[in-house]
Amino acid sequence: MNELIKKLCESFGPAGREDKVRSLIIGELEKFNAEYSIDTLGNLIVARRNQGEGAKKILVAAHMDEIGLMITFIDERGFLRFIGIGGVLKNILPGMKVLFENGTTGVIGQEKIKEPKEFDLDRLFIDIGAENREEALKKVNIGDTAVLLSPFSREGNRITAKSLDNRIGCAVVLEAMKRLSSLPLPNEIYFVFTVQEEVGLRGARPVSYRLKPHYGLAVDVTRVGDTPEPEFKTDVSLGKGPAVKIKDSSVICHPRITGLMIEVAETNNIPYQLEVLERGGTDAGAIHLTREGIPSGGLSIPCRYIHTPVEMVDLNDVENSVLLLVELLKHSW
Amino acid sequence: MLITALSQIPGVSGDEARVRNFIKEKLSLWGIKHHTDSLGNLYALKEGSKNREEPGLMLCAHMDEVGLMVSAIEKSGHLRFYKVGGIYEKYLVSKPVCIGANSVLGVIGAKAVHLQKKEEREKPLDAEKLYIDIGAKNKEDAEKVVKVGDYVSFWSEASSSAKIIKGKALDNRAGCAALLEILQRDYPISFTAVFTVQEEIGIRGARVAAYRVNPRIALVIETTSAVDIPEAREQDYATSLGAGPAFTIQDESVIAHPRILERLIEVAESQKKPYQFRRYGGNFTDAGAIAPAGSGVAAGVISTPCRYIHTPVSILFKEDWENLVEIVDAFIRSVHEKGLEI
């Protein structure tokens, strides 16, 4: 699973350009002969059919996209200006390396700034080593997207990479699918790898409209409050198990689902934590407001330094998230 | 000329009836079937000349413009107002306006300069410090012609030279005019053209329109900001006049579907028409409501670049608008000839 996580994280997939991540996941699906389809916006759907009486339709969503940058302008000397895609933290950008879809790399430089308050995205630029505009245009164009370049690394049980938000969610769902692939399930499950979560949960809404599930579950990362002077007040820590989402700014999870998640975790002795997130959203926010309303919940993998190139998760949390998801989906809803 | 005629019609968000009636008249004249929904969106059903499978194509342009609404009438007969949509306060003072269904003429006034304190003179005037003067003697007199809740639009005569068109509400009457131009032509395939309401206050009309039409592909025809002016740095231009219609890659509301964007580029190049990308990630368009509607729609945006947008004196280049029409035309034909796999 580690190798898969590494491949997923190092893959290229800013919101709206998830093709490479999707192909990678399709490659994994083919290993256990899962059938899939892709919708208009690019969501990848895998259905575990169940026509049995009383079977409920459950949508399990993990978003494939990551935050990124988009080129808006190329100057005479070949420097690129850009805007953010999703919640980009501008203060971590100077000095970073970036990667384009075609493999071109660049570095982020900064104009001279007199006062710290002058600092903004429009004072930064990307240098791809081009000598002039013409040469730059051979490699990139306006509208091309880039992601931060950051290698995967591991220290003990903890791994660090870019876009663990939410490739770790994708890995958890893929692993749970594998483990469930030969077991009969009481419900009909739609595993969906969604697009454009980072720009406002835009993929999850139409796909839940299409699939009309009875219940929704988003598998995503959540913030932790266990670092020095944390920015977010949350009780969630790294290494203490998957988090059962109670609330974030996009959704108040349905008590029936949070209750079920807690019950399943306790019966199976899986450690878990309760997540109340002040700021941040997940696909459950879009799913639960689709059609007449869909009771939804969230299974979250605790993650430090979200939206930086050094997001960090604990592998025990990852394994326990897989266990909880597997047991949840074996359970009746 | 369609753009200038449309530009002069008052049609602030929620009060699009006069624009809609103008368009309906044209549609009836040209024998195009149309209907209006409960929010006021106008749907024109353009039938293709060849009997071919419905491609699920929706074209869309919003009819509404930014403006004001009367919020209170002072004892003195002066009107206070709220803003409707993204209007910049510093552009308001000393502008002629037109109020309510009867188009009462007024001007936006403020305290005379010699009465303003130093700091008042240095800062743009807030909407609260401004009022509309319709020449009424007192509240009673004013209430004979206007009431609280009346919409207020800029009053600005549209004019044109060989090169430019000037007027209010070019955002998005230029888009409406383009759609009307397209509707007069013959196409082998059928499509639905929607003139939407309430775009400027949060893309509200397009949401229900997309749900109703349930298209597979949508192309939004818009007007977008050009900031190619002396003080701006070239990287902040967003778009430039005369460089062709602008294709959106991403704004705050949508990431244009790559297949639509590719096709727009392809048809522009094959028709040898100039085009540019919109080099700015802010603001929203109807595509933001259309893309996530129903089971998802592949949506794109093409815009006429326009300077001084959301003011009574916006300008655009005729050639950009004409090139936009030709690219949209070629896009529709290409959907017929080659299909458009999403």
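## Crossing of two helices in chain B

The crossing of H7(B) and H9(B) is right-handed. Both elements belong to a predicted model. Helix H7 of chain B covers residues 258-270, and helix H9 of chain B covers residues 318-338. The two pack with their axes 9 Å apart and at an angle of about 110°. Because angles of 65 to 115 degrees count as roughly perpendicular, H7(B) is described as roughly perpendicular to H9(B).

On the H7(B) side, the contact is formed by B:Arg263, B:Leu264, B:Val267 and B:Ala268. H9(B) contributes B:Ile327, B:Ala330, B:Phe331 and B:Ser334. Sorted by class, the residues of this contact are six nonpolar, one polar and one charged.

## Contact between the chains

Chain B also meets chain A: 16 residues of chain B are in contact with 22 residues of chain A. On the side of chain B that touches chain A, nine residues are nonpolar, six are polar and one is charged.

## Surroundings of A:Arg133

Within chain A, A:Arg133 lies in helix H3, which spans residues 133-137. A:Arg133 counts as partly exposed because it has 14 C-beta neighbours inside 10 Å, a count between the limits of 12 or fewer for exposed and 20 or more for buried.

Leaving aside residues up to four places away in sequence, A:Arg133 touches A:Ile74, A:Asp75, A:Glu76 and A:Gly78. A:Phe73 is 60 residues from A:Arg133 along the chain, and the C-alpha atoms of these two residues are separated by 10.0 Å.

Conventions
Residues are numbered from 1 along each chain as its sequence is written. Chains are lettered from A and ligands numbered from 1 in the order in which they are written. This is a predicted model: local features need pLDDT of at least 70, side-chain atom pairs count only at pLDDT 80 or more; totals for chains, interfaces and linings use all residues. Two residues are in contact if their C-beta atoms, placed from the backbone, lie within 7 Å. Ala, Val, Leu, Ile, Met, Phe, Trp, Tyr, Cys and Pro count as nonpolar, Asp, Glu, Lys and Arg as charged, and the others, Gly among them, as polar. Helices (H or I, at least four residues) and strands (E, at least two) are DSSP runs, numbered from the N terminus. Axes are lines fitted to C-alpha atoms, for helices over the stretch in contact, and angles run from 0 to 180 degrees between N-to-C directions. Angles under 35 degrees count as roughly parallel, over 145 as roughly antiparallel, 65 to 115 as roughly perpendicular and the rest as oblique. A crossing is left-handed if the near helix is turned anticlockwise from the far one by less than a right angle, and right-handed if clockwise.
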